[in-house]
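Here is a short note to read alongside the model. Please keep the sequence and the 3D view open as you go through the points.

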Amino acid sequence: MRKQVPKGKGNMSEILETIKARDPHEREFHQAVMEVLESVKPVLDQNPQYRQAAVLDRIVEPERIVSFRIPWLDDEGSVNVNRGFCVEMSSAIGPYKSGLRFHPSVNQSILKFLAFEQVFKNALTTLPLGGGAGGSDFDPKGKSDDETMRFCQNFMTELYLHIGVNTDIITGDIGVGPREIGYLFGMFKKLSNEFTGALTGKGLNWGGSLIRAQAAGYGCVYFAAEMLATRNMAFEGQKCLVSGSGNVAQHTAEKLIELGAKVITLSDSSGYIHDPEGVDKDKLAYVKLLKNIRRGRIQEYADKYPGAVYMAVDHNLDYNPLWSHRAACAFPCATQNEVSEKDAYNLINNNIKLVCEGANMPCTPEATDIFLDKPMLYGPAKAANAGGVAVSGLEMVQNSMRLNWLGEEVDNRLKIIMKQIHHTCLDAAEAYGTPGNYANGANITGFVKVVEAMLDQGVV
Ligand code: NDP
């Protein structure tokens, strides 16, 4: 029998007020919490023991946050100082699994929102992983390899105190790709004197997994394909809008092209390209070279392929013209809050059939409400981009077993996981009276799994 626990507040509006009063500037975190709280209300109503055990009060407070200084020398010999964070949100169902973000916009709010989302996403993958996030306001853009290495090494001199294969496992997010993971892992290995899978997304010849780089994007398309199948639709011949041109965008586009879709947009933080003829395999290979090796700007795509048009970001607009092009499907794969209310109306007015989130929280709450209100398909990030963390989990399994699976095996496992997540979301949405609402389904499934573990483990 479960022990009685002290009565907690457990009231949703009070909890929201409390987190806003505690950290009034953490808008992204408030947004992420609000979205989950709205979804799980019926679960709390049906399970009074959750309120009694104050699971909500506990789940919105990170188990641990570490903030630290990272001094590093640039190529001119000047000293620079950045701020680093490690946010460990929940270890209820396993060690923290954290994405690491290097971007000038990184602050505690962004990382708390990412860590909070990660808790429920990881629970959805069926793997025993808790949730966290880490990062720094360091901007890798325009930095030499040597500068990036010095930064990563200094970052790791603090971070290694908090991570480990049974504690907190790190993988890449915005601004943290193979180059950064390599430098971070090198320093982790030196400091800890062990070669373990505490970082995932590693190079293939030193412990990485095939399909890890592709996983978030491929998984997103697998999830979207499952959604389309519920309406007897497929990607063949469908026009698709993709934003971003980093890891998730590249592999979302790659899988869409493979499935016969026509990808007509890509972007970066400076602007976007519209290619009415479609980004084909060769053009995508150029984008990978441009972004991953040459570290150039997406504008150069339009110089190379004159059929495409480049539009620079216009900060005076309250919408992004990328989302104004007529297409059947949209995949926001760049960053949080990149699809505004007006963008949502533009997509709807162009008869969009599906919006599937490759990025984390790319739709504002207003945009999400508009999508959920319409008979279209809306795939929330927690479910749709869970393929990234799922294959990170598979990389950890391979590291523990000291073997490497073939790419086909990892890809098949990814497909099965995405299919399972899709079914679980649909079942939970149906069970709680909102059939077809994948956002509710994802939040409820992740939430129930985590809070049941919290109840089992007592008040810790
Ligand atoms: P990358 O750094 O590889 O690419 C990010 C892309 O988004 C770049 O094109 C970048 O442009 C653009 N971008 C970044 N910030 C902004 C901004 N403020 N406005 C407009 N564009 C912007 O990151 P990922 O592809 O890895 O991550 C993209 C999203 O996917 C994030 O939300 C991340 O949290 C999420 N995600 C990533 C996973 C992974 O495994 N990598 C897994 C699950 C989710 P620029 O080059 O100009 O900065």
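**Notes on the ligand site and the domains**

1. Start at the ligand. Of the 26 residues around the ligand, K141, D173, S269, R297 and N360 come nearest; a residue counts as near if one of its heavy atoms lies within 4 Å of the molecule.

2. Before going further, a word on what you are looking at. This is a predicted model, in which local features need pLDDT of at least 70 and side-chain atom pairs count only at pLDDT 80 or more, while totals for chains, interfaces and linings use all residues. Residues are numbered from 1 along each chain as its sequence is written, and side-chain values use heavy atoms, with hydrogens and water left out.

3. The side chain of S269 has an N or O atom 2.4 Å from a ligand oxygen, and R297 places a polar side-chain atom 2.7 Å from an oxygen of the ligand. With N247, a polar backbone atom lies 2.9 Å from a ligand oxygen.

4. Now zoom out to the whole chain. The chain is divided into domain 1 (12–59), domain 2 (64–195) and domain 3 (215–384), with bounds that come from an automatic or database domain assignment. The C-alpha centres of domain 1 and domain 2 are 26 Å apart.

5. How much area is buried between domain 1 and domain 2? About 930 Å², with carbon and sulfur atoms giving 68% of it; buried area is the accessible area (1.4 Å probe) that two parts lose on being put together, summed over both. E28, F29 and I59 supply 53% of what domain 1 buries against domain 2, more than any other three residues.

6. At this interface, 11 residues of domain 1 are in contact (heavy atoms within 4.5 Å) with nine residues of domain 2. The rule finds two salt bridges across it, where a salt bridge is a side-chain nitrogen of Lys or Arg within 4 Å of a carboxyl oxygen of Asp or Glu. K112 forms a salt bridge with D23, their closest N and O atoms being 3.3 Å apart. On the side of domain 1 that touches domain 2, helix α2 (residues 27–46) gives the largest share, seven residues.

7. Finally, look along helix α2. K41 and D45 both lie in this helix, four residues apart, about one turn; they form a salt bridge with closest N and O atoms 3.1 Å apart. The structure holds 23 salt bridges.

Methods
Helices (H or I, at least four residues) and strands (E, at least two) are DSSP runs, numbered from the N terminus. A polar contact is a pair of N or O atoms within 3.5 Å; within protein, one must be able to donate a hydrogen and the other to accept it, and residues adjacent in sequence count only if both atoms are side-chain atoms.
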